[in-house]
Amino acid sequence: MTRYYGVIIFFLCAFFVLGDAQPAHAYIGPGAGFAFLTSFLMLFASFFMAFFTLLTWPARVFIRFFKRRKAFVDAKTDRVVILGLDGLEPTIAERLLQEGKLPNLQKLRQQGSYSHLQTSFPALSPVAWSVFATGVNAGGHKVFDFLSRQKQTYMPELSSSKVVAASRKLTIGKYEIPLGKPIVRFLRRSKSFWTILGEHGIFSHVLRVPITFPPEKFNGAMLSAMCAPDLWGTQGTFSFFTTDESVDPIKEGGDTAIVKRNGDRVEGFIKGPENSITREKEQMKLPFVANILNDDEVELVLGKEKILLKKNTYTEWVELKFKAGFGIKVQGIVRFYLLDTKPHFRLYMTPINIDPEAPALPISFPYFYSVYLAKLHGKYATLGLAEDTWSLNEGVLSEDAFLEQAYLIHDERETQFFHALEKTKKGLCAVVIDATDRIQHMFFRTLEDDHPANRGKETEIYKNVIEDMYIKMDGLVGKTMEKVGKDDVFIVMSDHGFKSFKRGINLNVWLKENGYLTLKEGVTKTGEFFDGVDWAKTRAYAFGLAGIYLNVKDREKSGVVEPGAEYEKLKAELIEKLSGLKDPENDEVAITEMYDGHKIYKGPYVSEGPDIISGYNAGYRISWNGATGVIDDVIFDDNTKAWSGDHCIDPKLVPGVIFANRKITGNKPGLVDMAPTVLSQFGVERPAYMLGQDIFADNTNGKKVVPETQPKPEKIVQKEVTSINE
Amino acid sequence: MDILNSLISGIFNIVFQPFKNIDPVWGMLVVSFLTGIIMLFIFKATSDQKGIKRAKNLVKGHFLAIRLYKDDISLMFNTMSNILASNFLYMKKSMRPMLFLLVPVAFVLIQIGVRYEFRPLNVGETAVVSLQAEGGNVRLSEVILDLPQGLKLDMPPVRIDRLHEISWRILAEKAGDYEISFKYGNQAVKKSLVVVESLVPVTAAIARDDIGTTIMNPSESSISDASFASLISVVYPEREFEAFGFSVHWLVAFFVFSLVAAFGFKGFLGVEV
């Protein structure tokens, strides 16, 4: 300590002695020059901007007054805060409430209300949160599943967004330089309630609400969520580097890379995205060297950067820069997790998230909002499905490692949420927390001793993971309540509930065995997505997680079912045969009900959706093979994967929850009511095409509706306003 | 101090050697660039790089907030205060490396200063040489200036008894690196005087018991403790420095060149400044 003071005194003395020296008065080095210059420039620029903003502020207020003079005039509150906890299951929440383990949710319930919240058809997050956003069901917003089918190929594509490369290109040697940016098309239709609020002068923060990629332009700030891709363009592909050449390659959601070890030195490369400016579109690569320091530590050398990897510990976010050529770099971020150094080197790397500080694709609105959050709070996960469930499913990450990752991401969300909340003095602040959904997916098995997924896995020590997660979320609710005033509307909600997923059903196999689907001659097992199906002899096929489509003539490429009577007859026949379908293994009902898509959905896109929606019983879901369009001879099978809980079952069995600090007066509130409710709280009238009602209104009957404002090309047929779930 | 000065001066003499007889701007350019890059290394080693990056990010983040919340006047004022606070944090983070840089940069600046602040005399020019005697015991009338061939006394000495100071005006007749001698009784003190048209260090003053003057004039040894003189100074002409057609003070040129070098190489060297 004395030495430390000595050093300080030396430098202070030096400063004063040399201070007498004339040149040193003026300048003491480039570092200092930078510090002062940067500080000065930053201060100057920010004060200039503030001055300019202040100068133009009266004019903007004046314009706003005329354009949006009704903002907040009829509002019942100045602020609405929505905390979405994806997949919070009512039965678990109610049990814990009863046991007194969720004191904050209990308090919120006492202040206002608690109810089940009817979910969407099917009960899937992309569908459900789209209903939440738009106030219409999938027939109106066009997101019927994660994937939608291409009628001309029967192949899947993402239902909510599509990235289209620039069509005009300049060819120079091996390079093919696109003349323009890639276009990211937003495929969800209808108008979100925050867009409507914005049109009425009400500012919103919308954070991580699923199906917001690409982000919408509106009066507010938005951070995209579900379906925002990784740098590979997938929905999340992790990398697993190992020296073990005998390891089975990862089947789904990950990439196995065999690396070479020479003594304590391991060499390999990280696969990047395709190089879109070359003709060959080869994958960009980033070489790395891993120097094994000891059993528990590795020094990872990536270009000039050296990162210390510690066994069973996540690194901070690491920037990866892939050079495409002509000085163009594509930037992503990853976390590493060292699994082992012996007998084999084993290293996990998260999917390459789009770097929020230099986004390769738009992940926020305004575009700099993602940068803004990263500058203030550090880098964060940007992938839609950020918690890497595949790595646990495939046995690369342990339960503990997965949980740690999920909570690291959760902490980032929480920070962003409270930041947005602090900035929302008036308006909407909505956030969706994903950890609730992902953790239940991966740990639901621990709630049931006889779950097939428990085989060969540790169960006992993870029995409280889900309960602990609910308690943690209750803590988040508590912290939020401290920041929410009694005049604010505060809603905690989930889009659907959760049930166990013990047994899988492959409906395509059932369709095949019952003569509705035919394989090409000699094919006994298809590849993924119907590779081997004889479409000319196929009348129906299951696609996605819950849909059955009839192979309709002039609709599908090789359609054989005549529209009209034949179509209706076949649909009714399938609904009748499949409803109440039993599992021969245990004689349990596997499908409670099959729903007619045309009766469930309303809106201009009904014909795009499935003809029949599967309502699986609790404990059942589409099998893993069924989900990827693989057809063999197994209709029912055990689910032995870590992904052991699900919600894509009969929507009546998995309602979500809603807690609010207001009395819920509406009957059977549903997701479809949320948009009208928020609009009503701000005094904005519900557009006619919205299907729900204000759940806090004393009397929703006779409420005036505004003319239809749904954007073109949709033409909404005015229908009786009823909830789809009623 | 004289040993340190002699060591540093020796190094800089070697560095400046190639630029001795060319436009002084090149010497300045190279030394500034080298200094900028070396200082980057020191800055990196002595600073909290993560902290500096974090502080800069905070400033940039709050800066973006002005754009984001431009319609909300209270948020904007709040953002302004955040920018100020983050800027102070940034400056605080820069303090430690600045203290570490202070000493080496001061030595560099002194070395550049002795070459660029003043220039040597040209043939035909005059300079005033002054000697300040130690205390009142020295009789100024008995102090004799002994000039070598090539230098000539231009005017009789002027004595200011109150200040114990005596001054001579000297005319440079011939180029050379001279040593002039001051005698008092059997004591003698020597001081260099340079008459040349190239980039060499000039020593404007040497002193006894004055660390400031010794540090600032490193090319020549200080006056010994037993000497009758406490300070000897030569008023050299100021160097007019031109950088690529612009007449600027050498400090400005050094500032700009070193900053450009540091800015240009900070990314390459991975330094956060």
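In which loop of chain A does P343(A) lie? In this predicted model, P343(A) is placed in the loop that runs between β20 and β21 of chain A. The peptide bond leading from K342(A) into P343(A) is cis, and its omega is near 0 degrees.

β20(A) pairs with strand β21, residues 346-349 of chain A, in the antiparallel sense, and the pairing extends over 4 bridges. In one of the residue pairs, D340(A) has R346(A) of β21(A) as its bridge partner. In general, the strands of a sheet are paired through hydrogen bonds of the backbone, in either a parallel or an antiparallel manner. The sheet as a whole is open and consists of 4 strands of chain A, arranged in the order β12-β11-β21-β20, with mixed pairing. Its edges are formed by β12 (254-258) and β20 (336-340) of chain A, each of which pairs on one side only. From one strand to the next, the twist averages 20 degrees.

Further backbone features occur in other loops of chain A. A cis peptide bond is also found between F365(A) and P366(A), with omega at about -15 degrees. P366(A) belongs to the loop between β23 (364-365) and α9 (369-377) of chain A. R208(A), although not a glycine, adopts a positive phi of about 55 degrees. The loop that contains R208(A) is the one between β9 (204-207) and β10 (220-223) of chain A.

Helix packing in chain A was examined next, with attention to α13. The axis of helix α4 (residues 90-98) of chain A comes within 11 Å of the axis of helix α13 (residues 465-483) of chain A, and the two cross at roughly 75 degrees. Because angles from 65 to 115 degrees count as roughly perpendicular, α4(A) is described as roughly perpendicular to α13(A). On the α4(A) side, the contact involves I92(A), A93(A), R95(A) and L96(A), which meet I466(A), E467(A) and Y470(A) of α13(A). Sorted by class, this contact between α4(A) and α13(A) comprises 5 nonpolar and 2 charged residues, with no polar ones.

Helix α5 (residues 103-111) of chain A also packs against α13(A): their axes come within 7 Å and cross at roughly 50 degrees. The arrangement of α5(A) and α13(A) is therefore oblique. α5(A) contributes P103(A), N104(A), L105(A), K107(A), L108(A) and Q111(A) to the contact, while α13(A) contributes D474(A), G475(A), V477(A), G478(A) and M481(A). The contact of α5(A) with α13(A) contains 5 nonpolar, 4 polar and 2 charged residues.

Chain B was considered at the level of its domains. The chain is divided into domain 1, which covers 2-117 and 244-269, and domain 2, which covers 126-234. The centres of domain 1 and domain 2 of chain B, taken over C-alpha atoms, are separated by 37 Å. Their contact draws 16 residues from domain 1 and 12 residues from domain 2 of chain B. The size of an interface is often expressed as the accessible area that is lost when the parts come together. For domain 1 and domain 2 of chain B, the area buried between them is about 1200 Å², and 61% of it is on carbon and sulfur atoms. Of the area that domain 1 of chain B buries against domain 2 of chain B, 42% is supplied by D2(B), I110(B) and V114(B), more than by any other three residues.

Technical notes: Residues numbered from 1 in each chain as written. Chains lettered and ligands numbered in written order. Predicted model: local features only at pLDDT ≥ 70, side-chain atom pairs only at ≥ 80, totals over all residues. Heavy atoms only, no water. Axes fitted to C-alpha atoms, helices over the stretch in contact; angles between N-to-C directions. Parallel < 35°, antiparallel > 145°, perpendicular 65-115°, else oblique. Contact = heavy atoms within 4.5 Å. Nonpolar A, V, L, I, M, F, W, Y, C, P; charged D, E, K, R; others polar. Pairing = 2+ DSSP bridges. Domains from an automatic or database assignment. Buried area = accessible area lost by both parts, 1.4 Å probe.
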